[in-house]
Amino acid sequence: MTEMLRRTRRERERLEHELLAPIATMADQSRGRREPEEADEFRTAFERDRDRIIHSKAFRRLKHKTQVFLNPDGDHFVTRMTHTIQVTQVGRAIASALGLNEDLTEAICLAHDVGHSPFGHTGEDALTPMIGDDWLHSAHGVRTLELLEPQNLTHEVLDGVRAHSWRINPPPETPEGWLCRFADRIAYLTHDVSDALRAGVLDYHDLPVKALSTFGATSREWIGSMITAVVEASYEAGEVKMQEDHLEVMERLREFMFERVYLRPESEAQKVKAIIVIQDLVGYYQAHPYEVPDSYTVADADPLTRAVDYVAGMTDRYALHSHDRLFRPTLLD
């Protein structure tokens, strides 16, 4: 007799109904995919989504995309990839504690930033004036997963990617999508503070006293404290939220980080250079649309859309390399 279990998809879908919270999103109640598919024998719909995201090229490129510091010299600074892994850990931890769907939470968290352009949020500032409307990495993430590298994901995962940013309305349709919102903010505030300390941009005594007294003295304590604040408040309210005192301190910490780290003069100088790189590249490929590989865009896209699709998909170092190749004078010039 084997000592293994053989749990089929149907069995595991049944277990979701038995073990998850009433408001959890059940895999067998998904609104489905754009293109109908035959169900997998063992994996639920959300597990298949998770697997497709991990194996996608867009996910792979996150390892060479900026989080906060552009082209950092040290090996331990957070990249968009390591940020994504940390968001996923926080999201799954909260989902597990609240009885929400861990697989859906994981899929949303893994995919939430695949639409980011080079150089982090600076890319949004560079691309917005070029397209005449807000260019949002969240919307481009959906475009990437639906059209540029089509994965045929479920509606629930795409909705979570669309609305993972707090500035997006309408908000996520699922509690798991809301978890990604909180997990994203918990992760980036924690690791951005650590990176700023590592880079010498902040000293430990610069940190707001209220943040230290509320969250703890170390990044590990901060993550645990904020996860607990979401779990306890959500359990009491019956919807995903955070304890008000923690939420207020987290907002003050975010304001502090914008003032002292994200918008400091050195960051602004780097931002100007990054904007020039992105806008130069878009301008070049708009003028030379057939130099854009077909795999980075869609066949019927206009020249500007082809250029934006291509440049937005670049990693930081590939964007810099391309800009050097196209715009830096050579010794023969």
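**Rings and charges up close**

Reply: Let's start at Trp-178, which has 24% relative accessibility and so counts as partly exposed (buried is under 20% relative accessible area, exposed over 50%, partly exposed in between, with a 1.4 Å probe and protein chains only). Please keep in mind that this is a predicted model, where local features need pLDDT of at least 70 and side-chain atom pairs count only at pLDDT 80 or more, while totals for chains, interfaces and linings use all residues. Residues are numbered from 1 along each chain as its sequence is written, and side-chain values use heavy atoms, with hydrogens and water left out.

Trp-166, at 32% relative accessibility, is also partly exposed. The charged end of Arg-181 sits over the ring of Trp-166, 5.3 Å from its centre, and over the ring of Trp-178, 4.9 Å from that centre. Here "over" requires NZ of Lys or CZ of Arg within 6 Å of the ring centre and within 35 degrees of the ring normal.

Across the whole structure there are eight aromatic pairs (rings of Phe, Tyr and Trp, the last by its six-membered ring, with centres within 6.5 Å; planes under 30 degrees apart are stacked, over 60 edge-to-face, the rest tilted). Trp-166 and Trp-178 are edge-to-face, because their planes stand at 70 degrees, with the ring centres 5.8 Å apart. Trp-166 belongs to the loop between α8 and α9 and Trp-178 to helix α9, 12 residues apart, and the pair links distant parts of the chain (helices are DSSP runs of H or I, at least four residues, and strands runs of E, at least two, numbered from the N terminus).

Phe-258 and Tyr-262 are edge-to-face as well, with 4.9 Å centre to centre and 80 degrees between the planes. Both lie in helix α12 (residues 244-262), four residues or about one turn of the helix apart. Phe-258 is partly exposed at 31%, whereas Tyr-262 is buried at 16%. Elsewhere, ring pairs gather Tyr-284, Tyr-285, Tyr-296, Tyr-310 and Phe-327 into a cluster.

Now for the charges. The model has 31 salt bridges (a side-chain nitrogen of Lys or Arg within 4 Å of a carboxyl oxygen of Asp or Glu). One of them joins Arg-31 to Glu-173, with the closest N and O atoms 3.3 Å apart. This pair links distant parts of the chain, 142 residues apart: Arg-31 is in the loop between α1 (9-19) and α2 (45-54), and Glu-173 in the loop between α8 (155-162) and α9 (175-199). Arg-31 is exposed at 61%, while Glu-173 is partly exposed at 48%.

Arg-48 and Glu-37 form another salt bridge, 3.7 Å from N to O. Because Arg-48 lies in helix α2 and Glu-37 in the loop between α1 and α2, the pair ties together parts that are 11 residues apart in sequence. Arg-48 is buried at 15%, and Glu-37 is partly exposed at 34%.

Finally, Glu-106 meets Arg-50 in a salt bridge of 3.6 Å, N to O. Glu-106 sits in helix α5 (residues 102-111) and Arg-50 in helix α2, so the pair links distant parts of the chain, 56 residues apart. Glu-106 is buried, with a relative accessible area of 14%, and Arg-50 is buried too, at 17%. Both belong to one network of salt bridges with shared partners, which joins Asp-40, Arg-43, Arg-50, Asp-51, Arg-92, Glu-102, Asp-103 and Glu-106.
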